[in-house]
Amino acid sequence: MQSKATSPEDYINQLPEDRKAPISKLNALILKHMPKGLEAGVGYGMLAYYVPKSIYPDGYHCKPFPPLPFLNLASQKNFIALYHSGMYAKKELYDWFVSEYPKHCKYKLDMGKSCVRFKKMDDIPYDLIEQLLGKISVEEWIDIYESVVKK
């Protein structure tokens, strides 16, 4: 479900009522705790948190025009999705998240390589997401991206 919103506020305002509160809370948490240097906006039809061109002018290798993605947040048909590029590219970070998740949620982890799907709006592990945001800096993400993803 890609949104045609042009700003984070517009994105949130277009959400179904049952998604506005959890997406707003996640967005506020991300804005407060995201690594220094990231910017927020809308990208790929989702809320986007990215490395601006002023820090990493090369942008994203698949499409050099947009800035380098780091984190995305989306309201999908049956769940809220959190996409964290660092978990995709850094196995230790992925493994840490998988091992920590059961300590924070009563439901089974539903996850792809970088996408965590939250189907139960009342069981989103906000504290775990806050910890995740502090696990990787912008500089480390750029180094990982250039050595693992961009190749």
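User: Which element gives the most to the lining of the largest pocket?

Analyst: This is a predicted model, in which local features need pLDDT of at least 70, side-chain atom pairs count only at pLDDT 80 or more, and totals for chains, interfaces and linings use all residues. Residues are numbered from 1 along each chain as its sequence is written, and side-chain values use heavy atoms, with hydrogens and water left out. Helices (H or I, at least four residues) and strands (E, at least two) are DSSP runs, numbered from the N terminus. Here α6 gives the most, with three residues.

User: How much space lies in the largest pocket?

Analyst: On a 1 Å grid over the protein atoms alone, a pocket is an open set of points where a 1.4 Å probe fits, with protein on both sides within 12 Å along at least five of seven lines; lining residues have an atom within 4 Å of a point. The largest pocket holds about 280 Å³. Of its 13 lining residues, Y60, P69, S85, Y88 and S114 are the closest to its centre. The lining divides into eight nonpolar, five polar and no charged residues (Ala, Val, Leu, Ile, Met, Phe, Trp, Tyr, Cys and Pro count as nonpolar, Asp, Glu, Lys and Arg as charged, the others, Gly among them, as polar).

User: At what angle do the axes of α4 and α5 cross?

Analyst: Two packed helices are described by the angle between their axes and the distance between the axes. Axes are lines fitted to C-alpha atoms, for helices over the stretch in contact, and angles run from 0 to 180 degrees between N-to-C directions. The axes of α4 (residues 91-100) and α5 (residues 126-133) cross at roughly 160° and come within 11 Å. The two helices are therefore roughly antiparallel (over 145 degrees; under 35 counts as roughly parallel).

User: Which residues of α4 and α5 meet?

Analyst: Contact means heavy atoms within 4.5 Å. L93, W96, F97 and E100 in α4 meet L128, Q131 and L132 in α5. These residues divide into five nonpolar, one polar and one charged.

User: How do α2 and α5 cross?

Analyst: The axes of α2 (residues 17-33) and α5 come within 9 Å and cross at roughly 30°, which makes α2 roughly parallel to α5.

Notes: Angles under 35 degrees count as roughly parallel, over 145 as roughly antiparallel, 65 to 115 as roughly perpendicular and the rest as oblique. Grid points are joined across faces, edges and corners, and a volume is the space filled by probe spheres set on the points.
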